[in-house]
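Welcome! Have the sequence and the 3D view open together, and follow the points below one topic at a time.

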Amino acid sequence: MKPEEIYEVLTKQFGEAVLGFDTELAGDPSIRIAPSAITDVCQYLAETDTLAFDSLMCLSGADLSAKDEEFAVVYHIYAMQHRHSIVLKAMVPKTNPHLPSVSHIWKTADWHEREAYDLYGILFEGHQDLRRILLPDDWDGYPLRKDYKEPEFYRGMRVPY
Amino acid sequence: MDKYIRNIYRGVYTVLVGMRVTIRQFFEPNVTHQYPYEHDYEKKRNVREIPKGYRGQLYNRIEDCIGCKKCEMICPVDCITITGTKLPRGEQLWDSMNVVHLKDGTEVIGIIEGDDKKIKSEDSITLTNITSRLGSQEVIDRLEPSGAESRTATFSGDEVSRVVTRNPVVFYLDQFDIDMSLCMYCGLCTEVCPTECLVMKDSLEGIEYSKFDRSDLIFNFDKQEMYSKGGTEDVEAAD
Amino acid sequence: METTQQTESKIIELKPFADEMVVNMGPQHPSTHGVLRLELKLDGEVVREAIPHIGYLHRCFEKHSENLSYPQIIPFTDRMDYVAAMNQNWGFCLAVEKLMETDESRNFEVPERAEYLRVLICELNRIASHLLSFGTYGMDIGAFTPFLYAFRDRERLLLLFEKVCGARLTYNYIRIGGVSEIIPMEPGSIAEQNFLDEIEAFLDYFEPLIDEYNDLLTKNSIFAERTTRVAVMSAEMALSYGATGPNLRGSGVDWDLRRDEPYSIYDRFDFDVPVAVDVPELGSVVGDCWSRYKIRMDEMKESVRIVRQILAEGLPSGPVMADLKAVRPPQGEIYFRSEAPRGELGFYIVSDGTPKPVRLKGRSPCFSALSALQELSRGLMVADIIAIIGSIDIVMGEVDR
Amino acid sequence: MSDFRAMLASPHFNVSESFFPNINLQDGLNWAEEFIQNVVLPRLPEAVASHFPVELGTVLVMFACAGIFVGVFPLLPLVLVLAERKVSARFQNRTGPMRVGPWGVLQTLADGVKLLFKEDYIPPQGDRFLFLLAPYVIFACSFAVFAAIPFSQSILVSDFNIGIFYIMAISSVIVMGVIMAGWSSNSKWSLLGSLRSAAQIVSYEIPLGLSILTIVMLVESLSMSEIVASQSNGIFSWLIFRTPFTFIAFFIFFISSIAEVNRTPFDLPEAESEIVAGFHTEYSGMRFALFFIAEYANMFAVSAIAVTLFLGGWEGVLPGYDILGGFPGFVIKSLGLVFLMMWLRWTLPRLRVDQLMNLCWKYFIPIAFFNILGTGIWGLIFPEDTLISTSISCAIIYIGLIAAYKVAGRTLAQRPAPQPS
């Protein structure tokens with residue numbers, strides 16, 4: 001299925017929760033989903049036979065600009081059987097970034113969500129074990145945010161080496 | 001019972017097969033080198049050469065450096081520090097030298113007589129003031145005995161693959177430091193260098209330069225002496 | 001997609017009342033392939049739970065990249081999977097090229113010669129990577145000799161890479177729009193002929209050795225005992241955990257990006273995709289450690305085949321670098337994946353039209369595959385943990401980025 | 001050779017006596033005493049000699065011998081360590097150590113000196129006393145084994161009448177040292193390693209002992225020198241060829257002894273890729289060196305025992321000729337087995353704990369019992385070791401090997417081609 005068709009299927013199924021379809025920019029077109037509905041949408045995508053998105057290729061957080069009010073959480077999903085892929089995007093506000101987890105649908109989302117939490121501070125509700133994964137547990141701040149200032153010292157060591 | 005015996009049998013058999021593989025290698029020659037003893041590749045057998053173009057220590061033939069700061073900009077890890085002042089418009093210190101790349105892979109550094117911009121394959125090129133790049137003594141050796149003294153050589157246009165043109169040196173360099181402890185040996189800086197004076201040593205010196213102190217790994221390329229002399233014509237290649 | 005039937009896996013009954021011992025395996029441990037730390041909860045020799053802790057090699061490559069221009073990022077991708085750095089370079093360059101393709105005004109095409117060189121070098125790099133994986137796996141299981149044999153042969157490949165790009169491990173060879181010209185190799189020159197001859201000589205030397213390695217290790221009954229029916233990963237589990245590459249094929253899923261989503265010029269070559277099957281004579285079932293390991297051994301043969309086809313055709317003449325003034329992709333985003341030796345290497349790039357990416361995420365195959373370790377290792381023994389880590393073939397530089 | 005049944009039925013057969021006979025150390029003492037009486041006393045002044053404390057002197061001479069023994073035998077592991085490194089290097093197309101001395105021959109010496117000067121680290125949380133004691137226990141036991149090995153007709157420390165029993169007993173004490181080391185280090189890796197080692201050594205003692213039992217049944221003696229003496233009629237009188245069952249027993253003995261000395265493929269107690277270094281993880285300096293020396297001494301000891309029991313000891317290939325005989329022959333045969341051990345080590349991967357136990361309890365012990373049964377029956381059929389019995393035995397072994405080879409050829413031909421996975 002083409003991304004447009006998937007978009008139509010999703011709008012038919014979820015209506016309001018599907019916010020739009022971005023095709024203007026170069027590269028992959030993406031479907032914008034309301035963050036609260038992301039689990040339902042993913043569940044639907046994974047379990048419907050005609051879609052059968054059985055593998056989550058990549059899950060990434062993104063902070064596109066320091067001026068933006070929102071983080072993006074981007075899901076690249078692929079269906080081995082039908083060989084089609086789709087990009088879902090959920091925008092979460094920077095002030096309180098949280099959205100439901102999809103780690104029970106694709107287990108690989110477990111670590112990818114932990115990584116997004118670690119580097120962006122996006123909270124995934126319903127995640128089993130949302131700990132920092134790459135950085136030390138007691139690290140301050142979320143380094144991939146555009147407004148991140150690196151700390152001067154970490155446990156007595158100078159950070160900007 | 002059948003499986004039991006089969007298991008024993010397979011265990012013994014595969015062990016013997018593996019032992020056959022290893023005992024064959026037992027009588028094969030060594031593949032290793034005694035590195036510090038055999039690394040001098042004029043003396044010993046079986047020592048691999050460091051191939052041409054190997055990315056070793058960075059070296060700047062500073063008299064040809066025009067101070068364009070392209071290397072500083074492209075360096076992903078900021079290991080190059082350049083400070084300097086641009087001369088007033090229209091002034092220049094001297095011209096950098098030509099680098100002639102021959103098709104057999106050697107590079108000759110010198111000054112092309114005449115116009116270096118347009119080189120046709122039927123032309124022959126005469127190079128004067130040939131200096132050798134560090135570690136490539138073979139260039140000097142290539143020259144005729146008479147040429148070795150006058151440091152002049154002539155190549156036919158077919159031999160030449162590429163010529164780097166002369167650029168005016170318009171920067172007065174105060175500092176050109178390369179911190180090799182930060183360098184990640186990506187070689188991007190040598191690619192952007194317009195005069196090809198920034199090179200990576202593809203010789204043993206380019207690899208074996210470990211120091212006891214990290215600060216010794218900051219290499220300064222200084223030009224002050226040359227400024228006082230006022231030109232590249234009399235300057236020998238740096239040591 | 002077929003599902004594989006689960007056969008009995010060697011799971012040992014846990015006694016809930018027994019004392020538990022918590023052991024830290026790593027970050028400094030001989031066989032955690034770098035700086036992986038596993039928190040093992042042991043009941044004697046039996047592992048109740050193995051919790052991986054990663055991040056000891058974290059360099060925040062993604063943050064770095066946001067401050068670097070695209071060509072400057074390439075040397076950083078070398079440091080991701082330093083065992084197969086060519087493939088990492090390529091994956092990144094493919095993603096950027098794909099993003100730039102969409103902009104018609106800056107259209108360019110990667111020259112034919114560069115494509116051939118890329119495939120040639122990357123397949124050789126795949127052999128080198130699998131050789132390392134084979135060697136270290138042998139050492140994990142306790143056989144030291146295969147390790148040195150693998151390094152002996154890998155050394156010849158590294159010498160080849162050294163000649164073509166000037167470095168042994170961090171190549172920075174494949175560039176956006178072509179390959180590096182740092183060591184020029186004129187079409188039809190003696191240098192090119194020597195290079196191809198050396199590759200041919202290596203292949204002639206190496207091809208029979210694969211069978212020898214199979215005799216030495218793969219078919220060895222002790223090795224088979226150690227690795228077969230251990231940590232069986234079903235196809236569903238592999239897909240769900242995002243295991244890709246040899247790990248996915250080891251679970252019986254016939255999937256290879258080179259064949260199924262051909263990028264570059266892979267559609268011109270004839271090669272098979274090895275997929276695991278049950279091997280009853282050794283007791284192997286689909287999805288166990290042995291299958292994953294065996295896929296790598298078979299893939300080396302396929303890579304040799306691809307390289308031989310290139311050698312038979314000869315490199316086309318022409319330039320190796322596209323005429324590309326500046327690398328400045330249009331505004332937009334791309335996720336592009338390629339088949340690295342360890343699996344599907346994806347790069348998610350968001351560009352705002354400037355020379356620097358806004359967001360770059362490397363989706364490394366090992367990161368996803370390693371997350372399956374916790375589930376795979378439950379109820380096995382300490383020695384099996386080592387077997388699993390080796391069989392999913394992680395490189396911590398890529399996991400931690 | 002008397003009837004085995006007769007031995008069991010004889011009124012003199014006494015379990016406690018045959019297994020715990022009076023340990024006769026008198027032979028050794030006699031030798032020392034004779035040395036004093038005949039060599040020392042005549043050279044002393046009359047006044048001193050008459051008051052010379054012969055008993056004390058005897059003990060002193062014994063100590064001096066022990067000193068030479070302790071001084072000489074640690075050199076053996078030094079050589080073996082170097083040999084191992086060189087042999088492994090050859091198997092891997094390397095050169096091995098090359099720096100210290102010509103061809104690196106002094107490398108182990110240099111390593112020893114280095115280890116001597118290293119910090120003697122004792123884990124502060126561990127059991128200090130046991131930690132200090134453990135290396136000595138292992139070291140002492142592994143060298144005490146040499147006391148009963150007849151290197152040649154004249155070079156043996158003491159000819160016990162229970163020689164092989166003594167060796168078994170002493171070498172089992174090593175496991176105590178291993179457990180001490182593992183426990184007292186206060187390290188989980190050490191503990192895991194030592195418990196693996198305990199399980200392994202205790203299990204493999206059984207097939208080892210059962211294999212020895214076949215020999216003892218044939219020779220009807222526990223004395224090492226008598227076992228050697230019974231193999232004096234050339235290569236076909238060697239116990240390995242005496243019956244087809246001893247042929248199998250030799251391999252069981254050899255493989256079990258590899259397990260006893262913790263070498264690959266049975267090196268689980270010190271599996272460096274799993275449990276770092278096993279029971280000696282926390283040891284450093286000279287204490288580590290003691291473990292290391294003991295390991296290699298053990299390796300040579302089990303080879304020497306295998307040679308004594310199965311390969312004719314210091315007896316030569318041909319009766320009357322000194323080919324592969326005497327002290328050099330004994331050492332060559334032992335080193336051959338040591339080389340075989342190294343060859344195996346640098347070829348094979350490591351087993352897992354449960355597989356190790358499987359191999360022992362499911363394969364070796366049943367086969368060893370079968371051997372004992374077979375040897376008993378063989379003893380009934382051929383009460384004397386005659387030309388006929390030897391020829392029949394060799395014929396069976398030969399036919400068996402040929403048959404195995406043929407079957408191998410056939411299964412190889414029939415084996416399906418490797419799956420095109």
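Keep in mind from the start that this is a predicted model.

**Where chain A meets chain C**

- Chain A brings 27 residues to the contact, and chain C brings 33 residues.
- On chain A's side, the elements giving two or more residues are strand E2 (26–27), strand E4 (55–62), strand E5 (70–79) and helix H3 (109–120).
- With six residues, E4(A) is the one that gives the most to this side.
- Sorted by class, the side of chain A that touches chain C holds 17 nonpolar residues, six polar ones and four charged ones.

**The open sheet of chain A**

- Chain A has an open sheet of five strands with mixed pairing, and their order is E1-E3-E6-E5-E4.
- At its edges are strand E1 (18–22) and E4 of chain A, each of which pairs on one side only.
- On average, neighbouring strands in this sheet are turned by 20° against each other, if direction is ignored.
- Seven bridges hold the antiparallel pairing of E4(A) with E5(A), and A:Leu56 stands opposite A:Ile77 of E5(A).
- H3(A) packs on the sheet, where it touches E4 and E5 of chain A, and its direction makes about 5° with that of E4(A).
- Helix H1 of chain A (residues 3–14) lies across E1, strand E3 (30–33) and strand E6 (84–93) of that chain, running at about 170° to E1(A).

**A bent helix in chain D**

- How far apart are the end C-alpha atoms of helix H8 of chain D? They are 25 Å apart, which agrees with the 24 Å that its 17 residues (128–144) should span at 1.5 Å a residue.
- H8(D) bends by about 25° at D:Ala134, and the proline D:Pro135 follows within four residues.
- Both D:Ala134 and D:Pro135 are among the buried residues of H8(D), which also include D:Phe131, D:Val137, D:Ile138 and D:Phe139.
- Further along, D:Cys141, D:Ser142 and D:Phe143 are buried too.
- The buried residues of H8(D) pack against three helices of chain D, namely H5 (54–72), H9 (163–184) and H15 (285–310).

**Chain B in brief**

- Chain B contains seven helices and ten strands.
- Of its 239 residues, 28% count as buried.
- Among the contacts in chain B with a separation of 6 or more, 76% come from residues 24 or more positions apart.

**Two residues with positive phi**

- Most residues other than glycine have a negative phi.
- A:Arg155 has a positive phi, near 50°, and sits in the loop between strand E9 (153–154) and strand E10 (157–158) of chain A.
- Is A:Arg155 buried or exposed? A:Arg155 is exposed, because 8 other C-beta atoms lie within 10 Å and the cut-off for exposed is 12 or fewer.
- C:Ser264 also has a positive phi, near 50°, and lies in the loop between helix H10 (257–260) and helix H11 (289–313) of chain C.
- C:Ser264 counts as partly exposed, with 18 C-beta neighbours inside 10 Å.

Conventions:
Residues are numbered from 1 along each chain as its sequence is written. Chains are lettered from A and ligands numbered from 1 in the order in which they are written. This is a predicted model: local features need pLDDT of at least 70, side-chain atom pairs count only at pLDDT 80 or more; totals for chains, interfaces and linings use all residues. Two residues are in contact if their C-beta atoms, placed from the backbone, lie within 7 Å. Ala, Val, Leu, Ile, Met, Phe, Trp, Tyr, Cys and Pro count as nonpolar, Asp, Glu, Lys and Arg as charged, and the others, Gly among them, as polar. The expected span of a helix is 1.5 Å times one less than its number of residues. The bend at a residue is the angle between axes fitted to the seven residues ending there and the seven starting there. A residue is buried if 20 or more other C-beta atoms lie within 10 Å of its own, exposed if 12 or fewer, and partly exposed in between; C-beta atoms are placed from the backbone. Two strands pair if DSSP finds at least two bridges between them. Axes are lines fitted to C-alpha atoms, for helices over the stretch in contact, and angles run from 0 to 180 degrees between N-to-C directions.
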